[in-house]
Amino acid sequence: MIENLQFVSIALEAVIAGIFLVIALRGKTFMLGLALTFSIYVVYDLARQFAWDVSPVALFGGFFVATLAALYSAVKLYRRL
């Protein structure tokens, strides 16, 4: 049951990344940060779920990049308000 929820969560993260990417491609480039963030979340979660041979440094580095990308989008969005 919990494993199924994990796959649903990963699928939803991928859908969210896709939506943000489409928005970014329609001219709202500040959404690229959120598209990148959720794309990294998908890779991170898949790597953990399937025990891919990825170094912890790479995983945590990717997670840090995701955080910076989200911050970029948040700041750009804030400035547009």
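Against which helices do the buried residues of α2 pack? They pack against α1 (2-25) and α3, where contact means heavy atoms within 4.5 Å. The model is a predicted one, with local features needing pLDDT of at least 70 and side-chain atom pairs counted only at pLDDT 80 or more, while totals for chains, interfaces and linings use all residues. Residues are numbered from 1 along each chain as its sequence is written, and side-chain values use heavy atoms, with hydrogens and water left out.

First, the overall picture. The chain has 3 helices and 0 strands, and its elements run α-α-α from the N terminus on. Helices here are DSSP runs (H or I, at least four residues), strands are E runs of at least two, and both are numbered from the N terminus. The C-alpha trace spans about 40 × 25 × 20 Å along its principal axes. Of the 81 residues in the chain, 27% are buried, that is, under 20% relative accessible area with a 1.4 Å probe, protein chains only (exposed is over 50%, partly exposed in between). Taking contacts between residues at least 6 apart in sequence, 61% join residues at least 24 apart.

Now to α2 itself. Buried in α2 are G33, L34, A35, T37, F38, I40, V42, Y44, D45 and A47. After the helix comes A51, with a positive phi near 50 degrees.

How do α2 and α3 meet? Two packed helices are described by the angle between their axes and the distance between the axes. The axes of α2 (residues 32-49) and α3 (residues 56-80) come within 7 Å and cross at roughly 155 degrees. Axes are lines fitted to C-alpha atoms over the stretch in contact, with angles from 0 to 180 degrees between N-to-C directions. The two helices are therefore roughly antiparallel, the label for angles over 145 degrees. On the α2 side, the contact is made by L32, G33, L34, L36, T37, I40, Y41, Y44 and A47, and on the α3 side by L59, F60, G62, F63, V65, A66, A69, A70, Y72 and S73. By class, that gives 15 nonpolar, 4 polar and no charged residues.

Neighbours within four places in sequence aside, T37 is in contact with A66, A69 and A70.

Terms used. Parallel < 35°, antiparallel > 145°, perpendicular 65-115°, else oblique. Nonpolar A, V, L, I, M, F, W, Y, C, P; charged D, E, K, R; others polar.
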